[in-house]
Amino acid sequence: MQTTQICTIKPTSFEFMEYAVCTVAAAPVRKEDSHRSEMVNQLLFGETMELLEEKGEWFRIRSLYDDYEGWLTHHLVQPLEKQQAQAPLSFVATGLVNPVQMNSGLVNIPLGASLTGFDAKSKMLWDGRSVYEGAYRDLSGTVDAGLLAGTALQWLNAPYLWGGKTFMGVDCSGFVQTVFKVLGIKLCRDAWQQAGQGRAVELAEAAEGDLAFFKNEQGRIIHVGMMLNRQEIIHAAGKVRIDTLDEEGITSRETGKRTHVFTCLRRVLQQGAQ
């Protein structure tokens, strides 16, 4: 296996570091180069990125998984060779919490983390030293639609967190993106972007795995959830929850009140996938 030297300190110059990999469970990606700035995304362990700009301890990065941009600090990443950074993702973590033994110590990584450079025999990751000891899925095979509901239901009652992508805190689009990542289906990061993927489906034809989208008063798509069947939807709103859906929108099972206005349904999972 090709190895990449571990870097534990920040490079002296940005020009020597073009690509990197996330080395913490979930790295906050912020709108601006400040810890007080809004968190717009998270990069999960093993996700790779291109470094676009350097400002002090901060890097402006572009995720190579979904092209999402933002700022994070150099403490959360290691340099990675371009070939490894751009290689297709072959393995993904599937347990809610999964142990990785690194030189720096134990790291517990979340469901959906990328196992970059993973060797299934040695259990080693991209650097040839870190060992993955959790559950994983090989994405090189066919899509296993049977995993979908089981993966989604593990998130029940996870708190809502703007920009989040883990069961410790997740937003609506981060939830469905990560669930589908386990299946090997790549979704965009934001709900309005995801609404352009797949094909349109009528609500009367809804099936497990279809994505339902919701709009605000201005008609802008602001929310997404995943259908469990023709009447039930699992989504992150306050927390990950199951509610009912009809042509008008979502009705909360807890309060009986209408919470979201329905706009469209998209199918990104082909029916009959095994």
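Y136 counts as partly exposed because its relative accessibility is 30%, where buried means under 20% relative accessible area, exposed over 50% and partly exposed in between (1.4 Å probe, protein chains only). The model is predicted, so local features need pLDDT of at least 70 and side-chain atom pairs count only at pLDDT 80 or more, whereas totals for chains, interfaces and linings use all residues. Residues are numbered from 1 along each chain as its sequence is written, and side-chain values use heavy atoms, with hydrogens and water left out.

Seven aromatic pairs are found in a search of the whole structure; rings of Phe, Tyr and Trp (its six-membered ring) pair if their centres lie within 6.5 Å, with planes under 30 degrees apart counted as stacked, over 60 as edge-to-face and the rest as tilted. One of these is the edge-to-face pair of F91 and F118, at 5.1 Å centre to centre and 75° between the planes. F91 belongs to strand 8 (residues 91–93) and F118 to the loop between strand 10 (105–110) and strand 11 (131–132), so this pair ties together parts 27 residues apart in sequence. Helices (H or I, at least four residues) and strands (E, at least two) are DSSP runs, numbered from the N terminus. F91 and F118 are both buried. The ring of F91 also pairs with that of Y136, and this pair is edge-to-face because the centres are 5.7 Å apart and the planes stand at 75°. Since F91 is in strand 8 and Y136 in strand 12, the pair ties together parts 45 residues apart in sequence. A single aromatic cluster is formed by F91, F118, Y132 and Y136.

Strand 9 (residues 97–102) pairs with strand 11 in the antiparallel sense over two bridges, and V100 stands opposite Y132 in strand 11.

Helix 3 (residues 172–183) has twelve residues that should span 16 Å at 1.5 Å a residue, and its end C-alpha atoms are 18 Å apart, which agrees; the expected span is 1.5 Å times one less than the number of residues. Twelve of the twelve residues are buried, so helix 3 is largely enclosed by the rest of the structure. Just after helix 3, G184 takes a positive phi of about 90°. The C-alpha atom of G184 is separated by 8.2 Å from that of S140, 44 residues apart along the chain.

S140 lies in the loop between strand 12 (136–138) and helix 2 (147–153) and counts as exposed because its relative accessibility is 60%. Its side chain makes a polar contact with the side chain of D138 at 2.6 Å; such a contact is a pair of N or O atoms within 3.5 Å, where within protein one must be able to donate a hydrogen and the other to accept it, and residues adjacent in sequence count only if both atoms are side-chain atoms.

S63, in strand 5 (residues 58–63), is buried, with a relative accessible area of 1%. The side chain of S63 reaches the backbone nitrogen of Y65 at 3.1 Å and makes a polar contact with the side chain of D66 at 3.2 Å.

Notes. Two strands pair if DSSP finds at least two bridges between them.
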